[in-house]
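Me: I have a structure open that I have not seen before. Can you walk me through it?

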Amino acid sequence: MARPRYKNKHIEAAIRHAESRGWRVQVGGSHAWGFLLCPEASRDGCDRAVLSTPTDPQGHARDILKSVDRCPHRAQE
């Protein structure tokens with residue numbers, strides 16, 4: 001089943017960037033739209049919450065991009 005699209009185009013683009021880097025999307029959470037999980041499947045892996053209603057959507061998208069690009073567990077390119 002395909003994941004639902006995020007309603008903001010900037011955050012959706014950041015999620016797609018994460019997916020292209022091997023991150024997985026886990027939709028759902030109490031205060032979050034979902035979570036991004038890095039390619040490292042152990043407890044040491046990185047994760048990032050995708051907020052459902054961020055105050056600054058463009059800033060939140062930038063933060064997601066930074067988290068993905070700085071992950072030490074990125075897949076071999």
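Reply: Here is a short tour, starting with the whole chain and moving on to single residues. Keep in mind that this is a predicted model.

Me: OK. How many helices and strands does the chain have?

Reply: The secondary structure comes to two helices and three strands.

Me: What share of the residues is buried?

Reply: Buried residues make up 30% of the 77. The accessible surface of the chain is about 5,200 Å², and 48% of that belongs to carbon and sulfur atoms.

Me: Let's go to helix 2. Which of its residues are buried?

Reply: Gly59, His60, Ala61, Ile64 and Val68. Their cover includes helix 1 (9–20), strand 2 (32–37) and strand 3 (47–51).

Me: What should helix 2 span, going by its residues?

Reply: Helix 2 covers residues 57–69, and at 1.5 Å a residue its 13 residues should span 18 Å. The C-alpha atoms at its ends are 18 Å apart, which agrees.

Me: You listed His60. Why does His60 count as buried?

Reply: Buried means under 20% relative accessible area, and His60 counts as buried because its value is 6%.

Me: What does the side chain of His60 reach?

Reply: The backbone nitrogen of Leu51, at 3.0 Å. Setting aside residues up to four places away in sequence, His60 touches Ile11, Arg48, Ala49, Val50, Leu51 and Pro54.

Me: Changing topic. How many salt bridges are there?

Reply: The count comes to four. In general, side chains of opposite charge can pair when their charged atoms come close.

Me: Which residue does Arg3 pair with?

Reply: One partner is Glu12, with the closest N and O atoms 2.7 Å apart. Another salt bridge joins Arg3 to Glu19, where the closest N and O atoms are 2.8 Å apart. Glu19 lies in helix 1 and Arg3 in the segment before helix 1, so this pair ties together parts that are 16 residues apart in sequence.

Me: Where is Glu12, and what is it in contact with?

Reply: Glu12 is found in helix 1. Leaving out neighbours within four places in sequence, Glu12 is in contact with Arg3, Arg5 and Tyr6.

Me: Which residue forms a salt bridge with Asp69?

Reply: Arg21, with the closest N and O atoms 3.9 Å apart. Arg21 lies in the loop between helix 1 and strand 1 (24–27) and Asp69 in helix 2, so the pair ties together parts that are 48 residues apart in sequence. Salt bridges that share partners also join Arg3, Glu12, Arg16 and Glu19 into one network.

Me: And Arg21 and Asp69, buried or partly exposed?

Reply: Arg21 is partly exposed at 29% relative accessibility. Asp69 is partly exposed as well, with a relative accessible area of 35%.

Me: Last topic: where is Cys46?

Reply: Cys46 is in the loop between strand 2 and strand 3. Its relative accessibility is 24%, so Cys46 counts as partly exposed.

Me: What does Cys46 touch?

Reply: Not counting residues up to four places away in sequence, Cys46 touches Trp23, Leu36, Leu37, Cys38, Cys71, Pro72 and His73.

Me: And how are the C-alpha atoms of Cys46 and Arg70 separated?

Reply: By 10.0 Å, with the two residues 24 residues apart along the chain.

Definitions and conventions
Residues are numbered from 1 along each chain as its sequence is written. This is a predicted model: local features need pLDDT of at least 70, side-chain atom pairs count only at pLDDT 80 or more; totals for chains, interfaces and linings use all residues. Side-chain values use heavy atoms; hydrogens and water are left out. Helices (H or I, at least four residues) and strands (E, at least two) are DSSP runs, numbered from the N terminus. The expected span of a helix is 1.5 Å times one less than its number of residues. Buried means under 20% relative accessible area, exposed over 50%, partly exposed in between (1.4 Å probe, protein chains only). Contact means heavy atoms within 4.5 Å. A polar contact is a pair of N or O atoms within 3.5 Å; within protein, one must be able to donate a hydrogen and the other to accept it, and residues adjacent in sequence count only if both atoms are side-chain atoms. A salt bridge is a side-chain nitrogen of Lys or Arg within 4 Å of a carboxyl oxygen of Asp or Glu. Accessible areas come from the Shrake-Rupley method with a 1.4 Å probe; for residues, only the protein chains shown count as cover.
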